[in-house]
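Please open the structure in your viewer and follow the stops below in order.

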Amino acid sequence: MNSATRLGAYAVGLAVVFGGAAGVGKIVGPVGGTAEMASHDGGGGHGGAGGEHGAGGHESAASHTPGGLQVSEDGFTLAPQRTVLSPGKKTEFRFTINGPDGKPVTGFKPLHGKLLHLIVARRDLSGFQHLHPTQLGGGVWTVPITLAKPGAYRFFTDIQPDGAKRQLTLGADVFAPGDLKPAPLPEPEQVAKVDGYEVRLTGGLTPGKSTELTLTVSKDGEPVNDLEPYLEAYGHLVALRQGDLAYLHVHPDGEPGDGETKPGPGITFFAEAPSSGAYRLYLDFKHDGKVRTAEFTVHAGHVPVQEQEPEQGHGDEPHTH
Ligand SMILES: [Cu+2]
């Protein structure tokens, strides 16, 4: 295994990048005051992240519960009409967001141009999808979805229902029965390739701090300077923590039409890692009329090395690329 050396090299790279970015630090954390709920998460703890700060009462960002870990928050509940979907088969997935009175909420405040964002990932951080369900009336949402492979999936809704004081990310488990083959989390890389595009990541994540991340898009070696607006930004970034799929709060730096933000090649975000650990980043960007997703693994702070199951895939052979 050469992963230790690779990680070492990566850490040096990050440190260099960080030297440049130090001091930029716009603080974004909009939320406070949920510290009393922090004791609810982190119970199991073999996720490898380690060092989650509990309800210490500090003002630091790490002291409130990250989004996506709860199916119900501030009185609002994500209620799927079914939680078992056949793998590989397109299915209409329906759900409601129920309010404190138990009834489906019908009014939502738009976030990034949509009333509701549905983010889907399998528990091993593979199978990412970002969808926009439609309303059927009576507070029922629907979206056609295919869960490609068997496994346990986390469904997240990004919403601000009428009556809620803030934006909420509610998360529920949905299952695709069958023979599960967990995918190991790819090692950190600073370049992701998708559909002929190359996306380079600069910056990183620091536990408990808001940090800057810039993703630079190129195609055939040329910078892409004409990204198209997608969800009122030139890119949409989702970040999930390995081990519990905590959903990070990410803000784009600037938006199309503000007179400053350019349509690429770089897209800048501020993200806050609630703890040390491994995270998977998913960047949606739009070019030539199509939305694509570039994925990265990023480590925040110290990340314990995990052993791979020997019989899994080509586990015996070291990775050479
Ligand atoms: Cu969305």
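In which sense do β14 and β17 pair, and over how many bridges? They pair in the antiparallel sense, over six bridges, where two strands count as paired if DSSP finds at least two bridges between them. The model is predicted, and local features need pLDDT of at least 70, side-chain atom pairs count only at pLDDT 80 or more, while totals for chains, interfaces and linings use all residues. Residues are numbered from 1 along each chain as its sequence is written.

Select β14, β17 and β18 together: these three strands form an open, antiparallel sheet in the order β14-β17-β18. Because β14 (236-241) and β18 (290-300) stand at the edges with a single partner strand each, one side of each is left without a neighbour in the sheet. Strands here are DSSP runs (E, at least two residues), numbered from the N terminus. Within the sheet, select Ala 239, whose bridge partner in β17 is Leu 281.

Next select Gly 277, which lies in strand β17 (residues 277-287). Gly 277 counts as buried because it has 26 C-beta neighbours inside 10 Å; buried means 20 or more other C-beta atoms within 10 Å, exposed 12 or fewer, and partly exposed in between, with C-beta atoms placed from the backbone.

Finally, move to Gly 139, in the loop between β6 (134-137) and β7 (140-145). Gly 139 is partly exposed, with 19 other C-beta atoms within 10 Å. Leaving aside neighbours within four places in sequence, Gly 139 is in contact (C-beta atoms, placed from the backbone, within 7 Å) with Thr 96, Pro 104, Val 105 and Thr 106. Between Gly 139 and Val 105, 34 residues apart in sequence, the C-alpha to C-alpha distance is 5.4 Å.

Notes. Helices (H or I, at least four residues) and strands (E, at least two) are DSSP runs, numbered from the N terminus. Two residues are in contact if their C-beta atoms, placed from the backbone, lie within 7 Å.
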